[in-house]
Amino acid sequence: MLFLWLYMFYSCAGSCAGLATRGSPAPPRAAPPLPQLLPPAPGEPGEESSLEEQRAAPDAASPISSFFNGSGTKRLPQAIIIGVKKGGTRALLEFLRVHPDVRAVGAEPHFFDRNYERGLGWYRDLMPRTLEGQITMEKTPSYFVTKEAPARISSMSKGTKLIVVVRDPVTRAISDYTQTLSKKPDIPTFESLTFKNRTTGLIDTSWSAIQIGIYAKHLENWLLYFPIGQILFVSGERLISDPAGELGRVQDFLGLKRIITDKHFYFNKTKGFPCLKKAEGSSKPHCLGKTKGRTHPDIDQEVVQRLRDFYRPFNMKFYQMTGQDFGWD
């Protein structure tokens, strides 16, 4: 319909001009400029065509160009789920994508930890197109434990909103081990990897499955670059027991209307966690993949208790830093 209207408009413009001059030939008309479908790519880190200019310039496509390109403009993310591994980041992203004002990358870009040398132009090109008022997001859980990530994200935009999904660090470590075990069945036991010395009970904090759960230590690094109010901490446990409640907090944090509610979820007893009644772009129910909800191996309860004792002071400090008691003890 719009194309028909445009055709009639330009046809009329020529013919009406002819009528206005009573048959004299109309002067040649310049062709209308084509809408710009993509803004210029941002400069690489260190270039002076800087992100400051990009942020200052209007980045939203006009309604007519949005119509022609079908999906808007690619933008750097305004919000990032930065962690933690095996905390529930995939579930949170899938739930958020139900919201019409959230557009997110499905795969993990790993830009700020593994691909930073590719530059912000490469990173932005990975992003989905958005219309004005929509939020661009991505999630890469390893950012939370990457020392360089806070400074790099701050360099991109100091206003980036950050989301961390945290979970009982003992359960998280066991889940992490379970995932590795499914890929490498011949790895040592959880118990043997946990300790530097089983006799003395000294925990091996160099093992990533243990190290990731020392949330307070990692958070200190982020607070050097971002205020605590710019980071939302989502409970992985409540994401299972009350997904709509946690999603309500996330939507408020992102400045979105609370559209995702209880009506979007049902609890899958077999998997042990909530599923979407309708996923993004589908009319069918959707649960996370078969790799989610794996049965954990039986772990020696003495080892579990040793780990709980180890994490307790770090958990207490994390509660103080965030102002939230996650109830892990």
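Biologist: Among contacts in the chain between residues at least 6 apart in sequence, what share joins residues at least 24 apart?

Modeller: This is a predicted model, so keep that in mind throughout. Take the contacts between residues at least 6 apart in sequence, and ask which of them join residues at least 24 apart. That share is 70%.

Biologist: How many helices and strands does the chain have?

Modeller: Let's take the two kinds of element together. The chain's count is 13 helices and eleven strands.

Biologist: And what percentage of the residues in the chain is buried?

Modeller: The chain has 329 residues in total. Buried ones make up 44%.

Biologist: Is Lys86 buried or exposed?

Modeller: Lys86 sits in the loop between β2 (79-83) and α4. UniProt, in an unreviewed entry, puts the feature "active site" at this residue. Buried means under 20% relative accessible area. Lys86 has a relative accessible area of 15%, so Lys86 is buried.

Biologist: Which class do the residues in the contact of α4 with α12 belong to?

Modeller: On the α4 side there are Leu92, Phe95 and Leu96, and α12 brings Pro243, Leu247 and Val250. There are no polar and no charged residues here, and six are nonpolar.

Biologist: How many residues in the contact of α7 with α13 are charged?

Modeller: Helix α7 contributes Pro169, Val170 and Thr171, while α13 contributes Val304, Leu307, Arg308, Tyr311 and Asn315. By class, five are nonpolar and two are polar. The number of charged residues is one.

Biologist: Last stop, helix α6: within what arc do its buried residues fall?

Modeller: In helix α6 (residues 149-156), the buried residues are Ala149, Pro150, Ile153, Ser154 and Met156. They line one face of the helix, because, seen down the axis of α6, they fall within an arc of 155°.

Note on methods: Residues are numbered from 1 along each chain as its sequence is written. This is a predicted model: local features need pLDDT of at least 70, side-chain atom pairs count only at pLDDT 80 or more; totals for chains, interfaces and linings use all residues. Side-chain values use heavy atoms; hydrogens and water are left out. Contact means heavy atoms within 4.5 Å. Helices (H or I, at least four residues) and strands (E, at least two) are DSSP runs, numbered from the N terminus. Ala, Val, Leu, Ile, Met, Phe, Trp, Tyr, Cys and Pro count as nonpolar, Asp, Glu, Lys and Arg as charged, and the others, Gly among them, as polar. UniProt positions are given in the numbering used here, feature names are shortened, and annotations may be inferred rather than shown by experiment. Buried means under 20% relative accessible area, exposed over 50%, partly exposed in between (1.4 Å probe, protein chains only). The arc is that of the directions from the helix axis to the C-beta atoms.
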